[in-house]
Amino acid sequence: MSRIAINGVSMSSLRRSQDVRRLGAWVLGALILAVMTGPSGTTTSPTAGFTGSLLHPRVLGYLAFGLVMWALSTARVRSRDRVHSATRGVQQLREKLLGDNRVRHGTYLVLLVLAILVPTQLNSFWQEVLVDQIGVFVLLAVGLNVVVGYAGLLDLGYIAFYAIGAYSAAYWTGALPVHPVFHLNPFYVIPLAILAAVVAGVILGVPTLRLRGDYLAIVTLGFGEIISIVATNLSSVTGGAQGIIGIPHFSVHLSSFHYQWGLSNLPYYYLLLGFVVIVLVAFRSLENSRVGRALAAIREDEVAAEASGVGVLKYKVMAFAIGASTSGFAGLLFASKISFVAPGDFTVQLSILILVLVTFGGMGSLPGAVLGAAVLQWAPEYLRNHPILGFQQQDLYIYLGALLVVMMIFRPSGIWPSRRRRRELALAEEGVGTADAMSGSSDPAAGPG
Amino acid sequence: MVADAIVSVEDVHLRFGGVVSLAGVSLTQERGEILSVIGPNGAGKTSLFNCLTGVYHPQMGRIIFRPTPEHEVSLIGRKPHRVNRIGIARTFQTSRLFNALTAFENVKIGVESRQRTGPIGAMLHLPRTMREEKESDTRTVELLDFVGLRRRGDEIASGLPYGDQRRLEIARALGTEPKLLLLDEPAAGTNPSEKLALEQLIRRVNRELGVSVLLIEHDMRLVMSVADRVTVLNFGQVIASGTPGEVQRNPAVVEAYLGRVETEESGGEG
Ligand SMILES: Nc1ncnc2c1ncn2[C@@H]1O[C@H](COP(=O)(O)OP(=O)(O)OP(=O)(O)O)[C@@H](O)[C@H]1O
Ligand SMILES: [Mg+2]
């Protein structure tokens, strides 16, 4: 910081480059909005959506809007230095409040009560969204957060484990063409589905995680495809492309007490809420444990972690398998809820979507993953039929992509960043650690000179 | 002479393509001693450390470590974390802390590497997890205290003054309960008073904790005052070995090291 303050010239040029970056982002954002609100493409002229919007006079209006927003945001940044001390006070207050256990636990309790009460007031459409879109994806995002956020591994085949969980459910409940020795209630399938996902995760992880860097992304991408192709083509076992119906619902039979979750959403919502809370508590404990710290150490500096006795491969495989198990669990829940599983549900796009949820929420942050999944899964449902902001379902990923780009420019740590992650990014910006990381990546532990 | 060697390096060769980094290095460190490795830049000192800790794999030679007098293990081909597990900890030439973590967490990670709690224990708060958690907290505070950083536990590692960072790295290494501690230029970039504190710290690590210390250092005054013996490397070979006094008088060393030793020494040793 002092370095920058001393050197006024570099400070102002730094600012100028940031201004340009921000201008670019706003112009891009305006153009995307222009396309978003314009006509849609068709199969005969797929680019009509772009040409029709970008050549339309309406685009000028959006560009003007973008420029105004840019001017406003620039002005805000300029004045930020002056009000910096004030905002720092607010920040400190926030940290202090969050740091206070009573305040934190009180907040959790209030949120839990809201999560229990609010859904009863919703209509059946939103209740279904709450279970199928939000609940399941919160679970998925929280699991992927362990892989991507805690361990810093890029898993692009995350949905494959979801498929494994879903097909485990179908198998053990007797819905597949191949039958197990005995049929089980979905509750008893939970450990089996988790086990199957963990085993798959370990088998995939051990050889791949030995290698450096991006191999995992490529291998998991391939694995996701393999699983979906196998599910499609091995119809004698999986029921093939049209999928499998008749997976039973969860049910409880305790002597005289019998209860079956059915087609209505609210009971499933509460079941899911219960599981999500358990998983959240477990992962929070994991984060603050020996395992969580070892993962943080590996993310920060693998060479130093190894030198401190942390077995890097073991912990990476562990994180990968924990993520896989969560995904498998979610797959089981969803398959049993809708009584149906089909290979078409397990696309690469879905893996990417979950990655977007985690990144948007804040990598490595549990509340971030929950919030990211909830907001991004809710918003499209809400906006889809909105009179002005309504959009075509097939365009969804364009907007999610654009959103991610804008996020990376303005708030790379996500909407609710973890404290550690925020620090890491701040350090990287100040240049602490980056130099180390760069020398470390090219030749670890050498540091000559 | 061969009383009780904690580590013996025998005829180790290490090449990177055409660059010869170590050309037949042999040295022995007695249990409980502070041995210093000195030598000009590029002599192969850090490479030697990296061979000892499993980061580099020498093409030829043997490296034997004896955690206890009866017990012998070869270090070559062993993974870095396994080397650490059997009792060798190290620091790095440019310190490599976990920058975004607190000082306390940095040390605790080292301490915890000795424990056994797994993910299931952690998620379920099993009794062993809770016990180990308490033990590692206690040990971490002790170690921070030992290196004089007790009050800075909550600070972010990268925000600490340079000298404190180096001591924090030593505390993290000590957390893994080493029998042998490798220090790679711990005094580099520290100011004179920090150097003095470091000198005392190295002695206390050696005497109070009974840890053997292998020390790479360019600061001759520090080397001469703490080392029991000194080994001199040049172009990947041992050119001299002996007590600090003997090494200083060795003509080969003076020749290899020239300018540097003489100027710094005349200031320090007097
Ligand atoms: N990973 C590597 N790849 C290629 N060459 C290397 C590597 N590590 C070390 N070397 C070379 O080996 C030789 C010895 O390097 P080393 O870092 O061991 O020296 P040093 O004695 O620690 O020097 P300094 O006092 O500068 O730290 C140098 O010529 C160096 O360039
Ligand atoms: Mg060196």
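A residue is called buried when its relative accessible area is under 20%, exposed when it is over 50%, and partly exposed in between (1.4 Å probe, protein chains only). The model described here is predicted, so local features need pLDDT of at least 70 and side-chain atom pairs count only at pLDDT 80 or more, while totals for chains, interfaces and linings use all residues. Residues are numbered from 1 along each chain as its sequence is written, chains are lettered from A and ligands numbered from 1 in the order in which they are written, and side-chain values use heavy atoms, with hydrogens and water left out.

Chain B contains 10 helices and 10 strands. Helices (H or I, at least four residues) and strands (E, at least two) are DSSP runs, numbered from the N terminus. The radius of gyration of chain B is 19 Å, close to the 18 Å that the globule rule gives for 270 residues, so chain B is as compact as a globular protein of that length. This radius is taken over C-alpha atoms, and the rule is 2.2 Å times the number of residues to the power 0.38. The C-alpha trace of chain B spans about 65 × 40 × 35 Å along its principal axes.

Contacts, meaning heavy atoms within 4.5 Å, show how the sequence folds back on itself. Of the contacts in chain B with a separation of 6 or more, 67% involve residues 24 or more positions apart. The surface of chain B was also computed. Chain B exposes about 11300 Å², and carbon and sulfur atoms supply 52% of that area. Accessible areas come from the Shrake-Rupley method with a 1.4 Å probe; for residues, only the protein chains shown count as cover. Charges come next. Chain B carries 33 positive and 34 negative side chains. The centres of these two sets lie 6 Å apart. Lys and Arg count as positive and Asp and Glu as negative, while His and the chain ends are not counted. Each charge is placed at NZ of Lys, CZ of Arg, CG of Asp or CD of Glu.

Chain B also supplies the donors of a metal site. The magnesium ion (ligand 2) is coordinated by B:Thr46 through OG1 and by B:Gln93 through OE1, at 1.9 to 2.2 Å. This pair links distant parts of the chain, 47 residues apart. B:Thr46 sits in helix H1 (residues 45–52), and B:Gln93 in the loop between strand E6 (88–90) and helix H3 (103–112). Donors are N, O and S atoms within 2.8 Å of the metal (3.2 Å for Na, K and Ca); water is not among the atoms, so sites may look incomplete. B:Thr46 is buried, at 14% relative accessibility. B:Gln93 is buried too, at 11%.

Helix H1 of chain B also holds B:Leu52. This leucine is buried, at 1% relative accessibility. Leaving out residues up to four places away in sequence, B:Leu52 touches B:Val7, B:Val9, B:Ile63, B:Leu75, B:Val83, B:Leu182 and B:Leu214. B:Leu52 and B:Ile156 are 104 residues apart in sequence, and their C-alpha atoms are 30 Å apart.

B:Ile6 belongs to strand E1 (residues 5–16) of chain B. B:Ile6 is buried, with a relative accessible area of 1%. Its contacts, not counting residues up to four places away in sequence, include B:Glu30, B:Phe65, B:Leu180 and B:Ser212. B:Ile6 and B:Glu30 are 24 residues apart in sequence and 5.5 Å apart in space, C-alpha to C-alpha.

Chain A has 19 helices and 4 strands. Of its 449 residues, 44% are buried. Among contacts in chain A between residues at least 6 apart in sequence, 75% join residues at least 24 apart. The accessible surface of chain A comes to about 22200 Å², with 68% belonging to carbon and sulfur atoms. A:Ile409 lies in helix H17 (residues 396–410). At 29% relative accessibility, A:Ile409 is partly exposed.

Backbone angles complete the description. Most residues other than glycine have a negative phi. A:Ser339 has a positive phi, near 60°. This serine lies in the loop between helix H14 (312–338) and strand E4 (340–341) of chain A, and A:Ser339 is buried at 16%. B:Glu185 also has a positive phi, near 50°. B:Glu185 lies in the loop between strand E7 (180–184) and helix H7 (192–208) of chain B, and B:Glu185 is buried at 7%.
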